[in-house]
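Please have a look at the sequence and the structure before reading on.

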Amino acid sequence: MAKEEKKINIKNSNTKAGDKVEEKVQTDTTKKSEADNKEEKTDKKSAKENADAEKDKEKTDPLEEANAKIEELKDKYLRSVAEFDNYRKRTLKEKADLILNGGEKTITAILPVLDDFERALTDKNEDPKAIREGFELILKKFKKTLTTLGVKKIETKDKDFDTEFHEAIAMVPGMGDDKKGKIIDCVEPGYTLNDKVIRHAKVAVGQ
């Protein structure tokens, strides 16, 4: 009888222990589930907060946007002013250089003619014909140099008087109707530089 009671007590003890273990497992499972739910809620909350922050960034304050635009335009304006100032200084320098050294090309071109004149003067040849031929060659070379520089002689022979190119210094009467308004004689030739008159031809005109 005592043995049976002992067995019953052991059995009851085992049952209670099992119930406690099962209850503990259930408790742990419940706690874990609650923790997981809490963590999930936290993640969702963080994601929502991040989304709200992004929306707030997108919704820029109109005043801030206007100020940013003003700063951008101000920067572009300052850059443009600086570029224009640099351009102006560069242009003024180029203009000054042109004024000071604009004749460099012309001088360089006529220096060989000057050399020819100096050689002609030092030549001991006394033959008038040879001297004349030498100066004619120098003159021909000089005229060719002027042509390369854009200088052209204004034509006057048998031309109608034109105030654009000619300057009348004398009127010659009694030349006949066919000579009226015509150039009779050229006292001083005129020249153009790149088609621009730099000296009018001084002429006598039939009246």
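This is a predicted model: local features need pLDDT of at least 70, side-chain atom pairs count only at pLDDT 80 or more; totals for chains, interfaces and linings use all residues.

How do the two helices lie against each other? Helix α3 spans residues 104–122 and helix α4 spans residues 128–148; their axes come within 9 Å and cross at roughly 170 degrees. Angles over 145 degrees count as roughly antiparallel, and α3 and α4 are therefore roughly antiparallel to each other.

Stepping back to the chain, you will find four helices and six strands. Along the sequence they follow the pattern α-α-α-α-β-β-β-β-β-β. Of the 207 residues in the protein chain, 9% are buried. The accessible surface of the protein chain comes to about 18,000 Å², and carbon and sulfur atoms hold 55% of that. Among contacts with a separation of 6 or more, 60% are between residues 24 or more positions apart.

Now to the strands. Three of them make an open sheet with the order β2-β6-β3, and the pairing is mixed. At the edges sit β2 (166–172) and β3 (183–188), each of which pairs on one side only. On average, neighbouring strands of this sheet are turned by 30 degrees against each other, with direction ignored.

With β3 the arrangement is antiparallel, and four bridges join β3 to β6. The table lists some residues that stand opposite one another across these pairings.

| Residue | Opposite residue in β6 |
|---|---|
| His166 | Ala201 |
| Met171 | Val205 |
| Glu188 | Lys202 |

How covered is β6? This strand is mostly covered, with five of its six residues buried.

Thr156 lies in the loop between β1 (151–153) and β2. Is Thr156 buried or exposed? Buried means under 20% relative accessible area, and Thr156 has 11%, so this threonine is buried. If neighbours within four places in sequence are left aside, the contacts of Thr156 are His166, Ile183, Cys186, Ala201 and Val203. Two of these names, His166 and Ala201, have already come up as residues that stand opposite each other.

Thr192 lies in strand β4, which covers residues 191–193. The relative accessibility of Thr192 is 10%, so Thr192 counts as buried too. What does Thr192 touch? Leaving aside neighbours within four places in sequence, Thr192 is in contact with Gly150, Val151, Lys152, Ile154, Val197 and Ile198.

To gather the main points: α3 and α4 are roughly antiparallel to each other, while β6 stands between β2 and β3 in the order of the open sheet. Thr156 contacts Ala201 and Val203, among others, and Thr192 contacts residues including Val151 and Lys152.

Definitions and conventions
Residues are numbered from 1 along each chain as its sequence is written. Side-chain values use heavy atoms; hydrogens and water are left out. Two strands pair if DSSP finds at least two bridges between them. Axes are lines fitted to C-alpha atoms, for helices over the stretch in contact, and angles run from 0 to 180 degrees between N-to-C directions. Angles under 35 degrees count as roughly parallel, over 145 as roughly antiparallel, 65 to 115 as roughly perpendicular and the rest as oblique. Buried means under 20% relative accessible area, exposed over 50%, partly exposed in between (1.4 Å probe, protein chains only). Contact means heavy atoms within 4.5 Å. Accessible areas come from the Shrake-Rupley method with a 1.4 Å probe; for residues, only the protein chains shown count as cover.
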